[in-house]
Amino acid sequence: MNVNQHTPMASPYGQPQPGYGQPGFAPVDGGYPAPYAPYNGPASAYQPGPPPQGPARGPPTSGAPSAPQQYSQYSHSQGDMQNGPPPMTQAPPRPAASQPYNQGAVNLSGPQPSYPQHYGPQPSMQQVTNQMTGMQITSGPPTPAGPGYGTFGWIYISVSQPPVNTAYSAAPPHSYTQAPPPASSAPTQPPAPSPPPPSQQPFNSSLPPTSQQQFTSHAPPLPSSQQTFPPSSYSGPAPTPSHAPAPPVSQPQQSFPPTQPPFSSAPPPNSHPAFVSGPPPPAQGSFQPRAPPPSSQPGSFPPHGPMPPQQQPPPSQLPPYHSGAPPPRVQMPPTSMAQNNHLPPGPQGPPGPPGSMQQPPPQPGIQGGYPPQQNGAFGQVRGPQPGYAGPYPGQPNYGAPAPAPAPAPAAQKRLDPDSIPSPIQVIEDDKAKSTEPFATGVRGQAPPLVTTNFQVKDQGNASPRFVRCTAYNMPCTADMAKQSQVPLAAVIKPLATLPPDETPPYLVDHGEGGPIRCNRCKAYMCPYMQFIEGGRRFQCGFCSCVTEVPPHYFQHLDHTGKRVDCYDRPELSLGSYEFLATVDYCKNNKIPQPPAYIFLIDVSYNAVKSGMVNIVCQELKTLLDYLPRENPEMDSVVRVGFVTYNKVLHFYNVKSSLAQPQMLVVSDVSDMFVPLLDGFLVNVNESRLVIESLLDQIPEMFAETRETETVFGPVIQAGLEALKAADCSGKLFVFHTSLPIAEAPGKLKNREDKKLIGTDKEKSLFQSQVGFYNTLAKECVAQGCCVDLFLFPNQYVDVATLGVVPVSTGGSVYKYTYFQALSDKERFLNDLRRDVQKLVGFDAVMRVRTSTGIRATDFFGSFFMSNTTDVELAGLDCDKAVTVEFKHDDKLSEETGALMQCAVLYTSCSGQRRLRVHNMAVNCCSQLADLYRNCETDTIINFFSKYAFRGLLNNPTKAVRDTLINQCAQILACYRKNCASPSSAGQLILPECMKLLPVYLNCVLKSDVLMPGADVSLDDRAYLRQLIGCMDVPESHVFFYPRLLPLFESGSLPVAVRDSEERLSKGGVYLLETGLHLFLWVGASAQQELLLNIFGTPSFSQIDPSLTSLPVLDNPFSQRMREIIESFRAQRSRYMKLMVVKQEDKSELIFRHFLVEDKSASGGASYVDFLCHMHKEIRQLLS
Amino acid sequence: MATFPEYITQNEERDGVRFSWNVWPSSRLEATRMVVPVSSLFTPLSERPDLPPIQYEPVLCSRATCRAVLNPLCQVDYRAKLWACNFCYQRNQFPPSYAGISEVNQPAELLPQFSTIEYVVQRGPQMPLVFLYVVDTCMEDEDLQALKESLQMSLSLLPPTALVGLITFGRMVQVHELGCEGISKSYVFRGTKDLNAKQLQEMLGLIKPSATQGRGPQPAQQPLSNRFLQPVQKIDMNLTDLLGELQRDPWPVTQGKRPLRSLGVAMSIAVGLLECTFPNTGARIMTFIGGPATQGPGMVVGDELKTPIRSWHDLEKDNAKFMKKATKHYESLANRASTNGHIIDIYACALDQTGLLEMKCCANYTGGYMVMADSFNTSLFKQTFQRVFTKDVQGSFKMAFAATLEVKTSREIKVSGAIGPCVSLNAKGPCVSENEIGTGGTCQWKICGLDPSTTLALYFEVVNQHNAPIPQGGRGAIQFVTQYQHSSGQRRIRVTTTARNWADAQTQIQSIAASFDQEAAAILMARLSVFRAETEEGPDVLRWLDRQLIRLFMFHLRRSPFLQVFNNSPDESSYYRHQFNRHDLTQALIMIQPVLYAYSFNGPPEPVLLDSSSILPDRILLMDTFFQILIYHGETVAQWRKAGYQEMSEYENFRHLLQAPVDDAQELLHTRFPMPRYIDTEHGGSQARFLLSKVNPSQTHNNMYAWGQESGAPILTDDVSLQVFMDHLKKLAVSSAA
C-alpha cells in the first residue's frame, strides 16, 4: 500500500521515489531489493520528499540506510522477538501523548527547532500528520533509515511485499536465527553489529530501548506541546536539509520536523506508527525473513556506509533517541503522532519522505532530526512498527492493490503476510513492555493490552479490568468525533474478578444517610469531587453543582485543597469501591431477602437419554455446598429449590421436616403458578437429607419416561413465580433439551429455514419468534430473576427465542449440541460449577453518569432497559460486561477531560444491598492525532462486534457488514487524511494503535454470525450473537482472534503464532483456543517422541481423535501441556472442551475455521485480501 | 282385611310405600277437590332382610313404551305360556327359561308376597366402589388432626377392593398420586381456574379408556384403577402415611383475611377425575370442608373478614354477590356428577357458614350426605362419618350407587313428579303427567346415592275423566323399578308393584276418607312446601304456603326450620331441608313435630305434649327433634342434681331417674344418621333455648298472667300458639272462603 502511496507520495515528493524506493531498496540488496523494493516503493513515495533530500541524502543511500535502520528497528523488534517492537507499540500508547511528547519535547528541545517546525505543521491536522510523518520519518531518521522504516513500518507499502513476509513470520523466527546474526544481533546487539548494522542497530537499539525509555522518560505532555510548537518553527525549518544535518540524534527528530514541514501535510509521526510499520515491515520483513536481509542489510548498510557514520552518530544519537526511544516513542507521542509513521514517509519524504525509508538513511541528518519525531513516531510506532514492519510488508501487498503506484508494482503482486501487521507481534511487544504495574492515576493513559499480564494499582481511576475505553483521549467536539468515526465507548465489567494480588473494591459505609452524592446529578462521592470552602462543600466534577458536606462527613483540607483524610477513604482516592446502600436503595423500601437459586431440569426423553438428568442430579449433590457466599467461613444464605419438567412441571417440597421429598405436579401450564410455598426454597444444610434423596430419585423416576414434548415459557414463569412468592431475587438454572412444542405459553415452532439466509428476512431469524418471552423477561427483571440456560439440543431449538429471557436478565446461555454424557460431561460440569459458584449480584441497576459534554447514549450487553439511562440487570455476575457508547452533547475541555462514573446498585449474594462505583477519567483532545494515538483496538472491536450483532436484529446481514467496513474505512481514512503525512494514495497508512483494526475487523466479519458457513446452524449463530453481547474485551479478543500456540518446543509458555495455516508446521503440535473451543492440532509428521510424550503412543495414526483430555503421562512435556491447557481453561469463563485434530483428518475443517487469517470456507477473505480491500475502501474515501 | 292403619303399616313394611290416599278417587275432578293429591312416599331400598335377591333378570313387557316388569298382578296364561301386562295389557310370551311354568310352579315374581322383589343382573363387569376424599386443609391443626384420624380410620372400614383417592385443597388443589415409593407425588391445580374433564384428563395424564382397550383383556382390567384411585388393600399404608403428613395449608393468611379455600375447583376436579375414569360407576366424592370457599369458581364469600358471609337478610335484599354464580357452579357440578352416577357428600364442620346454601344441590341431586357440625373434632362428625360405613347383616354397606328409579302406572293415573334426592332423567313416556309437581316431566329419576332410609315423595295425577267410569273393583297399579349398583358391586334391580282400589268420590267418599294416611299426607305436603320454598321466590309462594298450610292444619310445620328461616342461617336451612327431603316418614315426622318424653317419679316415661305446659320443675324432658337430642332437667331436678343427691346411695332412685333419659337418648343416637346434636341442659340453661323454641308457646309473656296458671314455663315469644292457630283455623274452616 504504502508503496502505492509512495508512488503518489513520490510524485508529490516527486523525485526520489523511483530513486528512493527502488534505489534505496535496490541498493540495499539484490535480494532485499525486492523486499525493499516494496519499501522502496514506499520509500520512493517518500522519496518525493527524499528527492529534495535526495540530493542531500542521496536517496538511494538513504534508502539503503533506511532499510538498515528499519531493519535495525525491525531487528530490534524482531530481535527482541518482536517483543521489542510490541513493547514499543505498547509503550508508545501508554506513554500516551504526554510522555512521548515529553521525550519528543526533550529531544526536540534539545534537538532543535526542527521539531518545533514539525509541530508547527501539526497545528493543522495535516500538519500534525505531517509532523507525524515527519516524526516517523524522523523516527526513521533516528536510525535514519529506521525512522524511515519506522514510518514505513507504519506504512504498508505494497512494495515491501517480500520484506513483509520475511520480516514477520519467517523473519522473526528463522530468518532471525539465520539472518539474525545480523538482525538478531542487531536488535539485541544493535551496537555490536558491524558498522552498517551498527547504524541499524543503533537505531534498533536505540529504538527499542529508546522507545521504552522514551516512554518512560517521555513526558507525554511535552511532546504534544512541543510538537505543536515545533511545527510552526519547523514548518519553516522544514527544509529537510536541515534534517539531514539533524541526523544527529537530536537532530533526527528535528530533522523530522523539517521533514515534516515538507511533509507537514502528512504528519509523519502519527502516520508513522501505522504506516511506518508498513514500511518497516518491509524492512523487517527483509530483516527477519531474509537471512539475506542481513546480507542485504549489509548491503544496505553499505549504503549506510555513508550513512553509517550518521547511523553511528545515531547510535550516539541513539541515546538521545533512546531517550526518545525516540523513534518508537516518538511515535508514541505519535500515538498522537502515530500517524506520523505514515507521514514518515512523507515527512521523511522531505528528508527521506521520498524513500522515507530510504531517505531516512540518506538523510541521516534528517533522521537525526527525525529521530525526535521518530521518537514520537517510533516510540509509539515502533512497538507497532516492528509489528507493522510485518504489517507493512503486508501493506506492500496492499501496495500491490494499489501497486499501480510506482513502487509497489513489482512486489505488490502478492502481499507477504509477514509484512502486514501481525497481531502476535503487537501482543508480544506489549507484553514485553508491560513489566511495571499499571497505575491508573494518570488520566488518559491507555492500559496494556488485554493479552498482557499486568498488575493494576488503583490510583483514582477504575482498573482496566473493570472499565476499558475505546479511546483514552476523546475528541473535544462532536464534529471531531464524527469526522474520525472512532467509536467512543467503554466496556464495563462491574463485578469483574480481580487477580489475587489486587485488592477487591473496599466497602464504604456512609451511615444512615446513605452514600454522599451530588445534589443535582446524584453522582456518588468520588475522587473527582472538589472540596471547597475549607471542606464544607464540594463541587461535583460531573455537573459542577456545589453540595454541602454533611457534618458527619466533614474534614479539613490540607494546603493543596485535598481533604486530610483523602487517603483513608476509598471513595476519595480510588477508582473503584463499594457503598453500603441504605434501605432507601431497596425495592419497596424493604431490606432484601437473601437470593434463591432454583434448578429447573428437563426430564423429557431426550434429556434422560443423553444422561443429562443423571449428571445434573449427581453433580448438584456436591455442588450445593459451593453456593456463593461472601465470607468463606460462613454457610451460604442462598436457598435452593428444584423443579423438573417435560410438558408439565414438577415442583419438589424438600422441607427438612419431611421424611421423603414431595413432588407437586403442575400440569396446568397455561397459567403458571407455584404450588407450594413452604419447603420449596430451603437451606441446603437443613434439608440435606431430603434433597439428596430427591436428587437420587429424579433420574430413577424418569428413567422410563416416553415424554418427548417440553414446555419452556412456563418453566421460567414457575421460577419467577416462586421467587415472587418468596419475595426475593435469585437465579434460575434451566437445563433444557428441545424446542418447546407442547401446548403452552411460549410454544414455538421450527422456523429454521436456510433459504432465508442472505435475504432481507434473515434478520427475522435472530428475532424472537413470539413476543411472549419479551414480556416474560420484563417481569423477570422486575423481580430480580436472572435466568441461566443450559441447552442440550439435538436439533433446532430456536436459541434466538429461548435466549431472550437469559439475555435480558443478565443470565448466560450455554449450549451443548449433541450432548453426550461421556465426552461432554466435563465441559458441562465445569461450566455448571463455575456458574453456580460465581459471585453474582441481583436485582441490579447500573447507571453511567458522565461529565458535561458527553453522554452515555447506548448500551450493549445482557440486560433490560425500561428507560434510556438505567441498565436493569436481574442478575449481574463477574463475567458480564456492558458496553456503553458515549456521544457528545457539548464541547469537552482538554483541561478537565471527560469523566464517567458507573454506579451499580445490586443485592449481594448474602442479601446485602450495595452500590459499586467505578470512576474513569479520560483526556480530551483537540487534535485528531491525539485521539488516534490513544485508542484501544481490542475494545473498539468489542464495541463493533456488539454493535454489528445487535444490528443484525434489524438489518440485513450484508448491510451490517458493509456498515462495519465502511466505518472502519472512515476511521482509517480520517486518520490518513488528517493525521498522516501526505503520501501517495497508494500507501496504506494505519494508525499505530489501530494497525490491527483490519485484521480484527476481518475476523468479526468472518465470524459465523456475520458470515455463516453452510454447516453453521441458525442456533449456533444466534447463540454466538447473544454470547458476544456480554463479552468483555479479553474474551472477545480471543474469540475473534484465537490464540494459537506451538507446543513442540520445550520451555516456558511458547509464543503464539498467527492464525494461519502457513504457520503450522507438519512436524508440530499446536494448541488453539477461542474461549469456547480448544483444539490440539497434531501435524502429520510430528515426531514420535513428541507424540509419545503427549499421547503415550508414538504413532500418529493411533492417536484417538475423540480424546477430550490428554492422558496423564509422567514426563515433563505431558505435564507442561496439561498445565498449559489448564491455565487456558482457568482464564476463561467457560470451560473449553479439548478436541484433538489430526492433520488431514476430517475434523481439521472445523479447526481451520479458526485460522482466521486464511480464507475461510464460507467465503471470508484472508487477512491479506481484506487488507487490500480495506485499502481500496480508504482510497475511495480519500478520493 | 284389617283396618287401614294396619294395612298401611303392612304395605310400608313390605314395599316401603305409603300413599296419601289408599283408595283413589276415580276421576281427575274428584282428585283435585281433595286438595291432597294422590301421592306416595317411596323408600326404594327399605330394608328387607327377608327378601332373597333373585339370581336372574326380570321379564319385561315387550311393548317398547312399557317395558313393565312381570309382577303378581299380571294375568298369566299358564298353558299358552303367556302373560298380560297389567299396565298396557300387552300379551307377552314367557322367555324359554320359563318353559316349566305352571300354576304350581310359579316363579317368585308372580307370588303376591313378592310384590317387592330384587333381581341381580348377571351381565357386565363387577364394578369396584370408589371413594374419593376431598379434604380441606385450611383449618385449625386440632380439627385437621381429628379429620385425618377419621379418614385413616375409614380406610379400615372400606372393603379391600374399594378404590380410594385423595384430593386436598387450600389455596391450591392437589390430586395425590397413590402408591409412590420414596417420594410422594401430587398434581397441583390453581384454585381459581375451573377445568373441564378433558383438560383435566390431559393434565393428569390419564389414559383415555379407548386407548387402553386396544391392549387385550389384561389391560382391560387396568382402567379399574389408576394412579389416583387405587385399591385400599394396595395403598393402605401409603395413604395412611399420606394422610398423616397432611399439613395445614402453608400459604400465609394475613390478619383480617380468611384463608383462601379453593373448594369450588377442588370439587370440580374431583367430579372431573371420576368423570373421566369411572363414568357410570358408583362412586362417592366425600368432601370435608372447614369453611367457606373463598376463591375461584364457587366462592361464596371474599377473603376479607370484614365482609361477613351472606345471611337471609342479604339474600332477601339480593345483596349476596357470589351466591348466584356459586350456585350455578355447584349445580353444574352436581349435574355432571349425577349424570355419571357419582355421589357428592359434604361434611361441613365449621362454626360459621360454609356455603351449604350454594352447595346443597351437590348433595341433593346426587343423593349425597350433607353433614353439618361445628368441628371435625366432635363426636357428632366422627360418629356420623363412621356410621356412613355401617354394614348390614350380610356385611354390605348400607348404601347403593347410581340408581335409577322408573315409575310405571296404570292408564288412569300418571306421575307428576318426585321430590327427593334425585334428578330427572328426562324420560318421557305414556305415564308422564303434563302437570309437574317437584321434579317432573319424566318417569325416570336418577338417584346416585341411596341408603335404606332414602325416601322419595312421588306425586300422581288421576287422569281418568269423570265421564269414563272405572269398572267396579278396578285397581290402579303403580310399579317402581329401581336399578342400582349394590355395594357388593353387583347391579341389581328392585321392583315394587302396588295397586290401590278406585272409588267414586260421590258414592264412596267414606271409604276414601277412611283411607287417608294423615302422616304420609303431612310429609308429602311438607315436602311439597319445602320444595316450593326452595325453588320459587316471592310473596306468592309464601301466601300459597300459608293458605295451604293453614288449610292443612300444619301448625308445627309452619314453625319448623324447613319453612321458617328466622333464626337460621341459609346454610342451616339448606341442611335441614336436605335432611327432610331424604328421610323416611317416621324421621320426617320427628323433624316436623319433635317428640317430647317426660321422666318423673310419678310414673314411667311418657310422651307429653310439645307444649310449654309440659315443662315442669320436677320433670326431666327428653326431646328428639331429629337434629338434636335434648335432655332438659326441670328446675327442681336440676337443683337436686346440683346438690349431688344422685351420688348418695339412699337416692339411688334419683340416680336412675337421671340415667333413664340418658340411656334412651343413647339409643336414639346410635341409630340415627346423621348423628344428632346431643344436648344436656337444665332449667335456665342457655341451651334450653332449643327446647323452648320448639314447644307450643301456650304460655307467653303475653298471656301467662291471664291464664293465671302456675304450671309450665312461659315462652318469651310473639309467635302464635297452637290455641290461637286453632281458633283462627276454625274460623277459616267454616267460612266459605276456603
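Student: What should I know before I start?

Tutor: This is a predicted model, where local features need pLDDT of at least 70, side-chain atom pairs count only at pLDDT 80 or more, and totals for chains, interfaces and linings use all residues. Residues are numbered from 1 along each chain as its sequence is written, chains are lettered from A and ligands numbered from 1 in the order in which they are written, and side-chain values use heavy atoms, with hydrogens and water left out.

Student: Why is Arg48(B) called buried?

Tutor: Buried means under 20% relative accessible area, exposed over 50%, and partly exposed in between (1.4 Å probe, protein chains only). Arg48(B) has 13% relative accessibility, so Arg48(B) counts as buried.

Student: Where is Arg48(B) found, and what is Arg48(B) in contact with?

Tutor: Arg48(B) is found in the loop between E3 and strand E4 (75-77) of chain B. Those labels are DSSP runs numbered from the N terminus: helices (H or I) have at least four residues, strands (E) at least two. Contact means heavy atoms within 4.5 Å. Leaving aside neighbours within four places in sequence, Arg48(B) is in contact with Glu13(B), Arg14(B), Gln113(B), Thr116(B) and Arg494(B).

Student: How do you know that E3 and E21 of chain B pair?

Tutor: Two strands pair if DSSP finds at least two bridges between them. Strand E3 (residues 39-42) and strand E21 (residues 456-462) of chain B have four bridges, in the antiparallel sense. Phe42(B), for instance, stands opposite Leu456(B) in E21(B).

Student: Which sheet has E3 and E21 of chain B in its order, and what makes a strand in it an edge strand?

Tutor: That's an open sheet of five strands in chain B, ordered E1-E3-E21-E17-E19, with antiparallel pairing. Strand E1 (17-19) and strand E19 (439-440) of chain B each pair on one side only, and they are the edge strands. Helix H14 (residues 518-535) of chain B packs on the sheet, touching E1, E3, strand E17 (413-419), E19 and E21 of chain B. The direction of H14 makes about 95° with that of E21(B); axes are lines fitted to C-alpha atoms, for helices over the stretch in contact, and angles run from 0 to 180 degrees between N-to-C directions.

Student: Which residues of H36(A) are buried, and why do they line one face?

Tutor: They are Tyr773(A), Leu776(A), Ala777(A), Cys780(A), Val781(A) and Gln783(A). Seen down the axis of H36(A), they fall within an arc of 160°, so they line one face of the helix. The arc is that of the directions from the helix axis to the C-beta atoms. Among the elements covering them are helix H35 (713-726) and strand E19 (840-850) of chain A.

Student: Why is strand E11 of chain B called mostly covered?

Tutor: Strand E11 (residues 184-190) of chain B has seven of its seven residues buried. Ser184(B), Ser186(B), Val188(B) and Arg190(B) point one way, while Lys185(B), Tyr187(B) and Phe189(B) point the other. In a regular strand the side chains alternate between the two faces of the sheet.

Student: Which strands are joined to E11(B) by bridges?

Tutor: One is strand E15 (residues 662-666) of chain A, which runs parallel to E11(B) with five bridges, and the partner of Gln662(A) there is Ser184(B). Another is strand E10 (residues 172-177) of chain B, antiparallel with six bridges, where Val175(B) stands opposite Tyr187(B). The hairpin of E10(B) and E11(B) has six residues between the strands, and in it Gly179(B) takes a positive phi near 80°.

Student: How many residues of strand E16 in chain B are buried?

Tutor: In strand E16 (residues 400-409) of chain B, 10 of its 10 residues are buried, and the strand is mostly covered. Six antiparallel bridges join E16(B) to strand E20 (residues 444-450) of chain B, and seven antiparallel bridges join E16(B) to strand E22 (residues 475-485) of chain B.
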